[in-house]
Amino acid sequence: MAKVGYINDRASESVAAQSRKVRSAGASRIAEGGIRILLGGCNPGDVVVASSLASLGRTSDEAVAVTLSVHDAGHELVLVDEGIDTTEPAHAALFQHLAAVASIAKARKRQHTGGKPKLSDTDVARAVGMY
């Protein structure tokens, strides 16, 4: 079980700062260039180390998607800034919580139609008559 650091050059934190954090957390090697490259270079059971949840994506949806990709690929995750290590039993539920958040967000996006509900001509006439 090796620790592999993930550096995102599009994150708000500098690459040097991210590299320093993942190395201090025990990452023996660092992968740059995207989550697919990282996961392609990981062996089964490896632990992905990132400086923070925010460094995993530009948006919260993207960060959650990357986190779930790490889990789906069979790896654990360490988030240095948040103090989360999914190899520990107390943090193992992170993936389940993020999957629930992602499904709720997806359901809300499907339900939102935007704007006010449309009224039929009959309803408008009735409302005008009541006024």
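Is aspartate 81 buried, partly exposed or exposed? Aspartate 81 is partly exposed, with a relative accessible area of 44%. Here, buried means under 20% relative accessible area, exposed means over 50%, and partly exposed is in between (1.4 Å probe, protein chains only).

## Ground rules

This is a predicted model, where local features need pLDDT of at least 70, side-chain atom pairs count only at pLDDT 80 or more, and totals for chains, interfaces and linings use all residues. Residues are numbered from 1 along each chain as its sequence is written, and side-chain values use heavy atoms, with hydrogens and water left out.

## The overall layout

The protein chain has five helices and five strands, in the order β-α-β-α-β-α-β-β-α-α along the sequence. Helices (H or I, at least four residues) and strands (E, at least two) are DSSP runs, numbered from the N terminus.

The radius of gyration is 22 Å, well over the 14 Å that the globule rule gives for 131 residues, so the chain is more spread out than a compact globule. That radius is taken over C-alpha atoms, and the globule rule is 2.2 Å times the number of residues to the power 0.38. The C-alpha trace spans about 75 × 30 × 25 Å along its principal axes. Buried residues make up 31% of the 131 residues.

## Salt bridges

Side chains of opposite charge can pair when their charged atoms come close. A salt bridge here is a side-chain nitrogen of Lys or Arg within 4 Å of a carboxyl oxygen of Asp or Glu. The whole structure has four of them.

Back to aspartate 81: it pairs with lysine 21, and their closest N and O atoms are 2.9 Å apart. This pair links distant parts of the chain, 60 residues apart: lysine 21 sits in helix H1 (residues 15-24), and aspartate 81 in the loop between strand S4 (76-79) and strand S5 (84-85). Lysine 21 is partly exposed, at 23%.

Next, aspartate 46 pairs with arginine 29, with 3.3 Å between the closest N and O atoms. Aspartate 46 is in the loop between helix H2 (35-41) and strand S3 (47-50) and arginine 29 is in strand S2 (residues 29-32), so the pair ties together parts that are 17 residues apart in sequence. Aspartate 46 is buried, at 3%, whereas arginine 29 is partly exposed, at 33%. Then there's aspartate 123 with arginine 126, at 2.6 Å; both lie in helix H5 (residues 121-130), three residues apart, about one turn of the helix.

## Inside the fold

A nonpolar core is a set of buried Ala, Val, Leu, Ile, Met, Phe, Trp, Tyr and Cys residues joined through side-chain atoms within 4.5 Å. The largest one has 20 residues, and Leu38, Val48, Leu56, Leu77 and Leu79 touch the most other members. Its largest share, five residues, comes from H3. A second, separate core has six residues, including Ile7, Val47, Val49 and Val78.

## A patch on the outside

Leu119, Val124 and Val128 form a nonpolar patch on the surface, with about 290 Å² of accessible area together. Patches are made of residues with over 30% relative accessible area and no salt bridge, where like charges are joined within 9 Å and nonpolar side chains (Val, Leu, Ile, Met, Phe, Trp, Tyr) within 5 Å. Accessible areas come from the Shrake-Rupley method with a 1.4 Å probe; for residues, only the protein chains shown count as cover. Leucine 119 is exposed, at 59%.
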